Amino acid sequence: AYQSTWVSAGIGLQAMGFLFALRNFSAGGWAGVTEWLVGRLGFRRVIVLSLVAGLVAFLIAPMGTLYFAVLSVLMVGMIDGVAGTLMVTEMNRRLEHDVLATANSLVSLMSRLMVLSVTPILMLIAKHYGPAATFFLMAIFVFSALVFVIGYFRATRATEEPDSTKDERRS
């Protein structure tokens, strides 16, 4: 959906390569500051902020200018960098050493299966209704996740917030 939106906006192939590289650079940058963000804002706020960034990213993506393309890929990079770092940190903190590698492999497998199963559906939507409809559907999905996460955090407010800034693996 990104590429067809960018092609229709007149963004060239070299610029697209730059945008995808920028997205990966953004993910790495956000992964590097996630621990600091959690220390400053707290685990739950960082999760909510990354989902809000994802929502905004998918809403502005079809705007069709290089400016919005750059903002969108930076925000998608944030989701990837923050969510990946928090998930790995929490898994390292909560799981025993003997199951950690298996759990990491299963998470990788599940994310690949999800992409594999969702991508054809999104491609059909983009083909029949246009890239904007695909981005809107993804925004609805992220909004649903945001509502669920906020509801979950409110329901579990009494429980202690996980401390993602420490690696407390059990021996």
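A salt bridge is a side-chain nitrogen of Lys or Arg within 4 Å of a carboxyl oxygen of Asp or Glu. By this rule, the count comes to 3 salt bridges in the structure above, which is a predicted model.

**Packing of helices α2 and α3**

- On the α2 side, the contact is made by Leu37, Val38 and Leu41.
- On the α3 side, Phe43, Arg45, Val46 and Leu49 make the contact.
- By residue class, the contact of α2 with α3 divides into 6 nonpolar residues, no polar residues and 1 charged residue.

- Aspartate 80 and arginine 23 form a salt bridge in which the closest N and O atoms are 2.9 Å apart.
- Arginine 23 belongs to helix α2 and aspartate 80 to helix α4 (residues 66-94), so this pair ties together parts that are 57 residues apart in sequence.
- Aspartate 80 has a relative accessibility of 37% and therefore counts as partly exposed, since that class lies between the limits of 20% for buried and 50% for exposed.

- Glu90, Arg93 and Arg94 are linked in a network of salt bridges.
- In one of these salt bridges, the side chain of arginine 93 meets that of glutamate 90, with an N to O distance of 3.2 Å.
- Arginine 93 and glutamate 90 both lie in helix α4, where they are 3 residues apart, about one turn of the helix.
- Arginine 94 also forms a salt bridge with glutamate 90, and here the closest N and O atoms are 2.8 Å apart.
- Because arginine 94 and glutamate 90 are 4 residues apart in helix α4, about one helical turn separates them.

**Burial of the network residues**

- Glutamate 90 has a relative accessible area of 10% and is therefore buried, as the cut-off for this class is under 20%.
- Arginine 93 is buried, as is glutamate 90.
- Arginine 94, with a relative accessible area of 43%, is partly exposed.

Notes. Residues numbered from 1 in each chain as written. Predicted model: local features only at pLDDT ≥ 70, side-chain atom pairs only at ≥ 80, totals over all residues. Heavy atoms only, no water. Contact = heavy atoms within 4.5 Å. Helix = DSSP H or I, 4+ residues; strand = E, 2+ residues; numbered from the N terminus. Nonpolar A, V, L, I, M, F, W, Y, C, P; charged D, E, K, R; others polar. Buried < 20%, exposed > 50% of the residue type's maximum accessible area, 1.4 Å probe, protein only.
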